Amino acid sequence: MARGPVSGDAHRSPTGESPLAAAVVQSLATAIVLGEYPPGTALPSAGELCEEYEVSRTVIREATTTLAEKGLVATRQGWGTVVLGQDQWSLLDPLVLDALFQREDRLVYLDNLIEIRTTLECAMAARAAGLIEAEQSAALSAKLDELAGLIDDPEAYSRADIEFHEIIHRASRDAFGRAIVSSIQGKAVRSPQYSGDPTREDIELTHEAHARVAAAVLTGDGDAAAEAMREHITSSWARRRPADAPDAKDA
């Protein structure tokens, strides 16, 4: 599929590529994850990519190197640049994540995200209950009060909802768990299938769950905090998840 020329600003990307190379990487990474180039097939030759994107061979080499670092491709003698299977991809890479949540089977990955969130956030809630400091307790209580005033504003409630969880994550001092949840969920929230279209009743139920989580954390009851978080995440997803969609285990 022809994608045409790419353009970029004058600054290098956060990962160090030149603007043009970063644009090519984004285009090709998305095409690979979406299945336009299946595993085991070769990307077009450097010359063809130069023509397609209207860039130099230097840009294509730089882009190919970055794709290889993300586990998406490998250079094979006599074959060119070959697309690797998903088990080789860096699934937490922002570009890969972004493309995964654009796939037709994205619900499989969203279900998996909920499983990951449940595992990590229950543990973080339990830890937070034992480690939360006075300033964080005050922030959590204030955020719960703020959420109560946003029940009629789904978009604002959703933003404050993420901040509510972030306070608990920070209080848990689980740096890796926090980073994993943040990186995956940060991409997932762009998917309408993940965010859903909550009614006022949905938000009221979510808020009641937030109140139970906060109460357990603030009283130092780790077991109750973990259970409240588990019920909150799973029941909230059950309300948002498309009713006619298959379960991840059936995909």
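**Helix packing and salt bridges**

Reply: Helices here are DSSP runs of H or I with at least four residues, numbered from the N terminus. Keep in mind that this is a predicted model, where local features need pLDDT of at least 70, side-chain atom pairs count only at pLDDT 80 or more, and totals for chains, interfaces and linings use all residues. Residues are numbered from 1 along each chain as its sequence is written, and side-chain values use heavy atoms, leaving out hydrogens and water.

Me: At what angle do helix 10 and helix 11 pack?

Reply: About 165°, with the axes 8 Å apart; the axes are lines fitted to C-alpha atoms over the stretch in contact, and angles run from 0 to 180 degrees between N-to-C directions. That makes helix 10 roughly antiparallel to helix 11 (angles over 145 degrees count as that; under 35 is roughly parallel, 65 to 115 roughly perpendicular, and the rest oblique).

Me: New topic: is His-207 buried or exposed?

Reply: His-207 is buried, at 13% relative accessible area (buried means under 20%, exposed over 50%, partly exposed in between, with a 1.4 Å probe and protein chains only). His-207 sits in helix 10.

Me: Which residues is His-207 in contact with, leaving aside neighbours within four places in sequence?

Reply: Leu-144, Leu-147, Ala-148, Ile-151 and Tyr-157, where contact means heavy atoms within 4.5 Å.

Me: OK, and how many salt bridges are there?

Reply: The count comes to 15, taking a salt bridge as a side-chain nitrogen of Lys or Arg within 4 Å of a carboxyl oxygen of Asp or Glu. One of them joins Asp-111 and Arg-241, at 2.7 Å from N to O. This pair links distant parts of the chain: Asp-111 is in helix 5 and Arg-241 in the segment after helix 11, 130 residues apart. Asp-111 is buried at 9%, and Arg-241 is buried at 14%.

Me: What about Arg-200, which residue does it form a salt bridge with?

Reply: Asp-152, with the closest N and O atoms 2.5 Å apart. Arg-200 lies in helix 10 and Asp-152 in the loop between helix 6 and helix 7, so the pair ties together parts 48 residues apart in sequence. Arg-200 is partly exposed at 41%, while Asp-152 is exposed at 61%.

Terms used:
Helix = DSSP H or I, 4+ residues; strand = E, 2+ residues; numbered from the N terminus.
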